[in-house]
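Have a look at the structure, then read on.

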Amino acid sequence: MNSDFYEKLSTIVSAENVIENEMMSRHTTFRTGGPADYFVRVNTIEELSSLMALFKELHMELLKDVYVVGNGSNLLVSDKGFKGVILCLDGDFCDVSLKDKVVTAGAAAINAKVANLARDNGLTGFEFAHGIPGTIGGALIMNAGAYGGEMKQVVRKVRVMESDGTIKTVEGQDLEFGYRTSLFKGKPLVILDTEIELTDGDSAEIDAVMKDLMERRRTKQPLEYPSAGSTFKRPEGYFAGKLIEEAGLRGYSNGDAQVSEKHCGFVINKGKATSSDIYKLICDVQNKVKENSGIELQPEVIKLGDFEV
Ligand SMILES: Cc1cc2nc3c(=O)[nH]c(=O)nc-3n(C[C@H](O)[C@H](O)[C@H](O)COP(=O)(O)OP(=O)(O)OC[C@H]3O[C@@H](n4cnc5c(N)ncnc54)[C@H](O)[C@@H]3O)c2cc1C
């Protein structure tokens, strides 16, 4: 990469939206991760479309040389950083609007913003997502869910941009939602926006449910420390946190990376942990749980960049 490439990016999104060598620790809830060559804020679909054309011309591939981040709340980025371009949707992509019982939400809108709009308009069905600290884009990729709710239940359609710039709409029934996965996971595309269909409810009741769920999170989860939420997926028939506890790993640490004492399913950053510390801890936990119970835990957290054990 060179100054010519920087100029081309700046021409499309303006110079203030292109940051070179941006530390990804500023964009992940683990507060870890090294520098991205280029961190680019994209405010409109037109800008995104021009960027896609530029990447195509330069043979840069989505997921390999170009990566989209939401709120970084499910990401472990290598301490060596990311060689390429990180795209962060902003501006128009944060818009949310309501027509009848359908919320149209941009991919960069934070879940809580959508949940609050629904509550204020007496619409129920999105309370579960209020405390999930990510964007709509991240929630769609992951089929984010909590307390019996998941994106699968409410998404009517999703618009995406493919790497050749084509915009496609995918209907709800074709989204292949599964446990923490969807049709889009691992695919070279950018989610633009979605339609979420809700049902009539009572604002005060919706508010009470959201407050109750938040209180449950505060009581049970180590929200006072940086983390990426549940580090591991729930193995069928088990709870990751219980398996970790039974393996004697409550409070187990590697540097400042620690299995939370409050909730064994969370790996937390107690202050100065690096992504390598966190990754090694994750591997240790997987090995020890396997030894103790025979069960192989799979990380829910997505790794970006190079990691060594
Ligand atoms: C304290 C805490 C509690 C949590 N609780 C829950 C919970 O209850 N339930 C749950 O499911 N998760 C939970 N999580 C995990 C996390 O918040 C979710 O997975 C969330 O959906 C990730 O969204 P994000 O915007 O942060 O995505 P990121 O972490 O930024 O990215 C996740 C993936 O989505 C992709 N992506 C994001 N936006 C786009 C886009 N526009 N187009 C294409 N790809 C995109 C990224 O490339 C990446 O592959 C928790 C995390 C924390 C820190």
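**Charged and aromatic pairs at a glance**

This is a predicted model, in which local features need pLDDT of at least 70 and side-chain atom pairs count only at pLDDT 80 or more, while totals for chains, interfaces and linings use all residues. Residues are numbered from 1 along each chain as its sequence is written, and side-chain values use heavy atoms, with hydrogens and water left out. Let's start with the charges and then turn to the rings.

**Salt bridges**

- Side chains of opposite charge can pair when their charged atoms come close.
- A salt bridge here is a side-chain nitrogen of Lys or Arg within 4 Å of a carboxyl oxygen of Asp or Glu, and the count by this rule is 22 salt bridges.
- Arg119, Asp120, Asp207 and Lys211 are joined in a network of salt bridges.

- Arg26 and Glu22 form a salt bridge, with 3.2 Å between the closest N and O atoms.
- For accessibility, buried means under 20% relative accessible area, exposed over 50%, and partly exposed in between (1.4 Å probe, protein chains only).
- Arg26 counts as exposed because its relative accessibility is 59%, whereas Glu22, at 6%, counts as buried.
- Glu308 pairs with Lys80 in a salt bridge whose closest N and O atoms are 2.9 Å apart.
- That pair links distant parts of the chain, 228 residues apart: Glu308 sits in the segment after strand E19 (302–304), and Lys80 in the loop between strand E4 (75–77) and strand E5 (82–89).
- Glu308 and Lys80 are both exposed.
- Helices (H or I, at least four residues) and strands (E, at least two) are DSSP runs, numbered from the N terminus.
- Lys168 forms a salt bridge with Glu162, and their closest N and O atoms are 3.4 Å apart.
- Lys168 has 41% relative accessibility and so counts as partly exposed; Glu162, at 23%, is also partly exposed.

**Aromatic rings**

- Rings of Phe, Tyr and Trp (its six-membered ring) pair if their centres lie within 6.5 Å; planes under 30 degrees apart count as stacked, over 60 as edge-to-face and the rest as tilted.
- By this rule there are 4 aromatic pairs.
- One of them is tilted, because the rings of Tyr279 and Phe307 have their planes at 50°, with their centres 5.1 Å apart.
- This pair, too, links distant parts of the chain, with Tyr279 in helix H7 (residues 275–293) and Phe307 in the segment after E19, 28 residues apart.
- Tyr279 is buried, at 15% relative accessible area, and Phe307 counts as buried at 18% relative accessibility.
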